[in-house]
Every structure is written in structure tokens, then in C-alpha cells.
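Here are some friendly exercises, each with a worked solution. Have the sequence and the model at hand, and try each task before reading on.

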Amino acid sequence: MALSLSVIVLLGLLVNKVFDKLKLPGLLGMLILGIVIGPYGLNFIGKDILSISSELRKIALIVILLRAGLGIKKETLNKVGVPAIKMSCIPGLFEGFTILFVASYLLGVTKVEAGMLGFIIAAVSPAVVVPSMLSFIHRKMGEKKGIPTLILAGASIDDVFAITLFSTFLGLYGGSNINVTRKILDIPISIVIGILLGVVIAVGIVTIFQSFHIRDTKKALIILGTAIVLTSLEDALKDIVPVASLLGVMTIGFIILEKQPKVANRLAVKFNKIWIFAELLLFVLVGAQVNIYVALDSGLIGLVIIAIGLIARSVGVLLSVAGTNLNWKERFFCIFAYIPKATVQAAIGAVPLAAGVPSGDIILAISVLSILITAPLGAIAIKASGEKWLSVD
């Protein structure tokens, strides 16, 4: 495991630097590196580290979401409130249901199976989107209109809708006595509970910080450890009450910024340093999950389904930002920011196959293909359009 970590770190830093020199997103290089040195490539990463890959990726995602929360200002969030709520559900629902109808026709599968595929693919990747938006916030790009914050807020909830609806279709396939209305109601319930838990935990952390003298490095570790516990609660409580834990993680950072802005700014610097290591793990290990041979099995039909889904998602984004003060270039930036797929697709793409779904192999193939197509395309489009179209405040 130690050797595998050293390979990931050393090659990841090298590839990141090379892609920066080429004016390409560093995360794109790390994703490609993961594919090359992963088990479906040169197999340089040991099985021991791959066995805990999902946990390491979750920790890395928690780091960047905490950093995101520490960078979201209340006035900016108020500014993007209603559009952010629309962005959290409309694009994903448009994409998921469009793929449901298109895939059932093109693949000849049932609507339930096509629904599983639709809502696996419909999830935008916070792993790709959040770091890019934080970079724009740090450089004061698009901040006057709150565009990066709009994307951050929407993308953090987008996955809740996608995963819940995927679980609903999976339950319908399995013939379990599933209450669809209850599943739909679980979405707002999970969001509210996630935010409330984040607020309670953040208030507790702030109280501790005010009562005791603690170094900033230890404060960062306390916050990180508590956030990991919060995400573990989601798994522990899933049969009792739904919890959108990743949204709660971001809420922790947001409340700390509101209560102790000076401390929050110092902690943001600490989490930026932690992120240097965490992003190497996240993107290289996400890449290592990608089986390009499986992706090739989906062929041209897979590309058509993904492309039609992205068109539907783009329409959803335009509807979500309709009536805002964003100009057309900024609206197209929002479309590009909602392209990348990676985290959710890598995590649950194989679930239907494991559950014995007849079309599970093609669902997995198209899920993997969506990562290969949209993660690089989205990362490049976000970087290029953001630097060209977002005004510097």
C-alpha cells in the first residue's frame, strides 16, 4: 500500500504539472493517470489500496466540500437562492427521464431498467465541479453574480435527487414493496436533515473553539474527523431516516464562516494544503475505477444516449437560470459546469449488474463511458469558458 501511495503521489504531481503547462485541467491528467496505472491498465496500484479506494475517495470529497463551505458567503448564497434550488433538481430530472425514454427505445429494455441507467448518469460529479468552482471563487471570477456559488450549491444537492431516484427504480425492479411517494418525499427530508445536522455540529465545534485555545491545524483535524462521522451517520441511519450528509458537510464550513470568519479564513488555508494530497487520491483512484474495455462495449448507442441526455440537461440548466441577470455566455458556462460525471457513476454503475438486472452489463458500460466522455470534456470546457467568460471582480 505504501508503494502504491508513493506511485500515486509522485506520478500524480508530475502529470498535474505537465497538464498545467499544456493549459489543461490538472485533474484531467490525474484521471488519465488513474486509468493507465489502474487495474485495467498497467496495474501498478496494489489490491490493498483499491480495496479501500471508495473510503479514500469519500474522505477526499469531504475535504473539498468543507473547503467549499468555508468559501460560501451568506450574502452570495441569498443572491443565488432560487436559481440554486432549480439547478439542484431540474437539470438532473430532465436528463434522467430523457435517458429513461431514449434508452428504453434504443436498447429495448424495460422502463425500470432504463430509469436506473438514467439516474446513474444524471448525477453531476462534485469531485470535478467543486474544485473548479473554488478556483474561480479564489480568483474572484464570476463572484459579483455569485455564479460559482450557484454551481456549488446546485451540484451538492443534484446527487441527492439522482441517487434517490436510482434507488427507487432499483427497488421497483427487485419487486420490493416500495412506496414511490415516500421515496420522493425522502429527497427534501434528507436535505433538511443533512443541513440541520451540519448546523448542530458546526455550532458545537464553534463553541469548543471559543472555549478552548486550539491550534488551527488541530481545528482542521477536528472538523475533518467530525465531518467523516457525519457521513458515516448516513449509512447507519439509511433504514430509519434519509440524510444528505455531503450537504451537511458543506453546511459545517458555511456556519463556521458565519460564526467565526477570521478562523474560517485561516482554516480554509489549512484545507487547501490538505487538498493537495487529497485531490491526488481522489482523481487517480476515480480513474482507476474506469474499465475502458467495458466502456467500449456500449458502442455508438452509448454515445448517442449520453449525448441526448446532455442536451436535455442543458435545457434544464437554461430553464433554471431563466429570469436571472446572467448573460448568455455566463449561462453557457453553467451548462458546461454541469457536464462532468465521475464520482457517482464509478460508485454505483455496477450495482444493477450485481443485483442481477438483465441489462446490468450495458448499464455499467454506458456509465463508464459517461465518465470517459464527460469528465475530460467538462473539465476542459469549465476551465476554458470560465477564464474567458467570467468577469473578474
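**Exercise 1.** Decide whether E387 is buried, partly exposed or exposed.

*Solution.* Start with the cut-offs: buried means under 20% relative accessible area, exposed means over 50%, and partly exposed lies in between (1.4 Å probe, protein chains only). E387 has a relative accessible area of 40%, so E387 is partly exposed. This is a predicted model, in which local features need pLDDT of at least 70 and side-chain atom pairs count only at pLDDT 80 or more, while totals for chains, interfaces and linings use all residues. Residues are numbered from 1 along each chain as its sequence is written, and side-chain values use heavy atoms, leaving out hydrogens and water.

**Exercise 2.** Find which residue forms a salt bridge with E387 across distant parts of the chain.

*Solution.* First, the rule: a salt bridge needs a side-chain nitrogen of Lys or Arg within 4 Å of a carboxyl oxygen of Asp or Glu. The partner is R139, with the closest N and O atoms 3.3 Å apart. Helices here are DSSP runs (H or I, at least four residues), numbered from the N terminus. Finally, R139 is partly exposed, at 35%.

**Exercise 3.** Work out how far apart K383 and E387 are along helix 19.

*Solution.* Their side chains meet in a salt bridge (3.3 Å, N to O). K383 and E387 are four residues apart in helix 19, so about one helical turn separates them. K383 is partly exposed, at 25% relative accessibility.

How values were computed:
Helices (H or I, at least four residues) and strands (E, at least two) are DSSP runs, numbered from the N terminus.
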